[in-house]
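Colleague: I am new to this structure. Please take me through the terms used for it.

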Amino acid sequence: MLSHNSHIHKRRALIKRLVEEKNIESQDEMMNLLIKEGVTLTQPTLSRDFRELDIIKSTEGQYIIGEAHERERQKTLLKQLLSEEVEAIPEKPEIFFIQTRNESASLLGHLLKVSYPQKVIDVLAVGNSLIVVTNGGNKLFRKELEGMINEKKN
């Protein structure tokens, strides 16, 4: 004879399998499927099992495993986006920050990317703030930029 916990575990495993394999739209439909499998239970017990298994109704009206389903969907989307949209993942990118005047960060970022295409991977500009992502060697690059700043001041 099965222990109470073992019975609950087997029932919940069956419920989970049915949700994953079939498009179930109501608790009555689930109860009928369970009866066909030889499992009888009350509606409150089924509701409690759904809650414990994180079974929710999808926007399409079928029951799904909530968190797990969303995590799988997000992972699938991530894989698709990575394979279709990612050009490169630099090995050792470096980042530095430049503070500008007169909200010129966008223009400066654009000019850095155009002038140093082998060095500057990308920039993020907002107002007076510019974040520059390079492929490394920032000390020399910063010195070069600082030299240009100092030339203008002299």
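Modeller: In helix α3 (residues 43–52), the buried residues include Thr 45, Leu 46, Ser 47, Asp 49 and Phe 50. The model is predicted, with local features needing pLDDT of at least 70 and side-chain atom pairs pLDDT 80 or more, while totals for chains, interfaces and linings use all residues. Numbering starts from 1 along each chain as its sequence is written, and side-chain values use heavy atoms, without hydrogens and water.

Colleague: What makes Phe 50 in α3 buried?

Modeller: Buried means under 20% relative accessible area (exposed is over 50%, partly exposed in between; 1.4 Å probe, protein chains only). Phe 50 is classed as buried.

Colleague: Why are α2 and α3 called roughly perpendicular?

Modeller: Helix α2 (residues 27–36) packs against α3 at an angle of about 100°. Angles of 65 to 115 degrees count as roughly perpendicular (under 35 roughly parallel, over 145 roughly antiparallel, the rest oblique). The pair is therefore roughly perpendicular.

Colleague: Which residues of α2 and α3 meet?

Modeller: Contact means heavy atoms within 4.5 Å. Gln 27, Met 30, Met 31 and Leu 34 of α2 meet Gln 43, Leu 46, Ser 47 and Phe 50 of α3. They divide into 5 nonpolar, 3 polar and no charged.

Colleague: How do you know that β4 and β5 pair?

Modeller: Two strands pair if DSSP finds at least two bridges between them. β4 and β5 (residues 129–134) have 6 bridges, in the antiparallel sense.

Colleague: What makes β3 and β4 edge strands?

Modeller: The open sheet has the order β3-β5-β4. β3 (94–99) and β4 (120–126) each pair on one side only.

Terms used
Helix = DSSP H or I, 4+ residues; strand = E, 2+ residues; numbered from the N terminus. Axes fitted to C-alpha atoms, helices over the stretch in contact; angles between N-to-C directions. Nonpolar A, V, L, I, M, F, W, Y, C, P; charged D, E, K, R; others polar.
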